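User: I'd like to learn how to read a protein model. Could you take me through one, a feature at a time?

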Amino acid sequence: MTAISPTPTSWDRPHRAAERMARAWSLAIAGTSYVSMNGLEVQDFLTSLATRIIHALTAETFDPTDMREVGSTLVAAHFTEPTTLERSLAVLAEQFGNAPVKRVAQIQGALASGYALALRDRVLDEQEEIRTAALWARARAEEGRRVSEARFQAIFAGAAIGMSVSTIDGQVIEVNQALCDMLGYTAEELRAMSFDDFVLPEDPPTAGAMFDEVLSGGRDQFRIEKPYVHKDGHRVWTDLVASIIRDEDGRPRWLVAMFEDITERYLLQVRLRHQALHDPLTQLPNRTLFFERLGALLEAEGEDDEARIGVCYLDVDGFKVINDTLGHDVGDQLLQTVARRLARSINGEHQLVARMGGDEFVVLVEQCGGIEDVVAVAEKALDTVRAPVHVGGHEISISASIGVVEQPLRGTSTGELMKAADTTLYWAKADGRNRLALFDAERHTREVKRYELSASMPAALERREFFVEYQPLVRLSDGVTIGVEALVRWRHPRFGVLGPDAFIGMAEETGLIVPLGRWVLHEACRQAAEWHKAVGDRAPIMSVNLAVRQMRDRTIVRDVRAILEQTGLPPAGLQLELTESAVMGTGGDPIEALNALAALGPRIAIDDFGTGYSNFAYLRNLPVHSLKLAGSFVAGLRPPEGPDPVDQEIVAAVIGLAHTLKLSVTAEGVETAEQATRLRDLGCDTAQGWYYASSGPASAIKL
């Protein structure tokens, strides 16, 4: 039988796919039920049902209603034997072998549910007819009683479903042959039993209360699925309908019970539920069962304020490399081995190990006594995974990273708990893998804020929430402002004004630094051009930072040229600041871009000099005009007990070497007059910092 592949091109001709499926289906169920249709009619009938099933398989969202109607349609057409349902579900599994397992399970479950409900309703109709006939017969006039009783006895004895009549005190007084065959007892053995003999631990919790309510006359009928024990010991699951029969005065007199054997349907539902709630590769509980268990715990938190819950979220380190190099078969065997080990080692009464998908597993720790209990489980899991694995002729040494979360049960939600576990797992992997990390609420809050900022940055740039402030660059020899540095700020609607430390790193990571840096450069050049129009050559040089990612962007030279042309700023009025890592120690595109930028006419400055390569020999061959000393060196000139002699010597050496290369030197972070004096005495050319002025709007710059 050929399986239909669930690829987009498989359904270009859904009708032909339905016909193929119907042919396989009709062959599978041939002879299982007696219907008034020939072979061609059966195939046409099943083609229409197959079309609806294929539609459910490919729909974006699954609606079980249509599949239940498919099941009920089968019953309506008299395909009513359990074998018909079993083979129909097998055809679905075979035909959709490559389809998503979850969707196939949903289709099978909904079809089986509709089939079972329709079959149950069909039997109920028959049962109701029997009951009506019985009551009608007993209500007949006295002269027709013998005929009515004979008719009732015929129906009772010949019914295809099991039936019994009992007294209201629980004593069985009559049973039919169908019930004897169903349970394996003789009629005499069943008549010697009472209700108590049929009570089982598997009975639904409401069964006892329903019986009591009927026997007391509080209700006339109830229906329930209940197991019974066959004489040979196996369980027989039944759909039980019990009705009270009253005497002439309206008092409960007898209890008539009707039993339909639904064992095959029940076992099928159990198998389908197991498939829906367990991972097919590892046989561990899947994420659906995990979330069901977790949800039940959170809903039943009760009044215990001390109850706590723990989650260990585990990810196999480097699994993708194993999959890519050794193949998916080896990867699957590795996951199966890890799953078996975890299931064996973590098997406490209140612990659940589940596979979340891919190489991720999770351990739910219920009723934990504190973080120590959860950490102990996580450490056991780490030790379990670390043991070498022998699969596919390979010995593989693996490790895992685990995020550990432990919280009070009260007030915890599924979403927040799993988000915390996922975040903590990320910390463990970021910290070097092969370890566990504990959830830190404060760190999580900071990272949530960081994520919110990162996500809102593109829209913030469009809404013009960013703005530029300017900090003076002062010539140390006479205190005259000869330049300004453009510093971007973010006026965030929720967090207020944010400095570059809060978002520049994220902009680098996401790539938004390129459009943001382009905007800052344009805004700064526009302002500098206005100053040039106002005061001519006395206008300060505009210094603008270029990030590493900007220097590696192919459009950087073209962008700078276009901005200078658009704003009308003379190239000599612009200074571009780059970090050492952006241009030093690498070749290729960044160096070519640097040379091209210098050819446009702007000054080039190396920012934070001393924190990177600090390679003067390399620097000698670059088109650089100025160095900006890292603030850490300048801070060493400020201690109350006197300047740090090492920092002072370093600063003096850097200034001397820079001047030898005909480079000017700017000191950042100057906060005191003492620092300014020492830097001037050491020969430093310019400085900036709070001692002179903090950053501010363009209107604060004195021209």
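Analyst: Let's begin with pairing: two strands pair if DSSP finds at least two bridges between them. Strands (E, at least two residues) and helices (H or I, at least four) are DSSP runs, numbered from the N terminus. This is a predicted model, where local features need pLDDT of at least 70 and side-chain atom pairs count only at pLDDT 80 or more, while totals for chains, interfaces and linings use all residues. Residues are numbered from 1 along each chain as its sequence is written, and side-chain values use heavy atoms, with hydrogens and water left out.

User: Okay, pairing. In S4, which residue is the bridge partner of tyrosine 228?

Analyst: The general idea is that strands of a sheet pair through backbone hydrogen bonds, either parallel or antiparallel. Here, tyrosine 228 has valine 236 as its bridge partner in S4. Strand S3 (residues 221–229) and S4 run antiparallel and are joined by nine bridges. The two form a hairpin with five residues between them, and glycine 233 in that turn has a positive phi of about 110 degrees.

User: How many bridges join S4 to strand S5?

Analyst: Nine bridges join S4 to S5 (residues 252–261), and this pair runs antiparallel. Alanine 242 stands opposite alanine 257 in S5. S4 and S5 also make a hairpin with five residues between them, where glycine 250 in the turn has a positive phi of about 85 degrees.

User: Is S4 enclosed or left open by the rest of the structure?

Analyst: For that you need "buried": under 20% relative accessible area, with exposed being over 50% and partly exposed in between (1.4 Å probe, protein chains only). In S4, 10 of the 12 residues are buried, so the strand is largely enclosed by the rest of the structure.

User: What order do the strands take in the open sheet of five?

Analyst: Read across, the order is S7-S8-S6-S11-S12, with mixed pairing. Strands S7 (351–357) and S12 (436–438) stand at the edges with a single partner strand each, so one side of each has no neighbour in the sheet. Neighbouring strands here are turned by 20 degrees against each other on average, direction ignored. (Axes are lines fitted to C-alpha atoms, for helices over the stretch in contact, and angles run from 0 to 180 degrees between N-to-C directions.) Strand S11 (residues 400–408) and S12 run parallel, joined by three bridges.

User: Which residues have the most contacts inside the largest nonpolar core?

Analyst: In soluble globular proteins, nonpolar side chains tend to be buried together. A nonpolar core is a set of buried Ala, Val, Leu, Ile, Met, Phe, Trp, Tyr and Cys residues joined through side-chain atoms within 4.5 Å. The largest one here has 78 residues, and Phe466 and Leu597 have the most contacts inside it. Helix H18 (residues 513–535) gives the most to this core, with 12 residues. A second, separate core has 38 residues, including Leu46 and Met67.

User: What is leucine 546 in contact with?

Analyst: Contact means heavy atoms within 4.5 Å. Leaving aside neighbours within four places in sequence, leucine 546 is in contact with Met551, Ile556, Leu576, Glu577, Leu578 and Leu597. Leucine 546 lies in strand S16 (residues 541–546) and counts as buried, at 3% relative accessibility.
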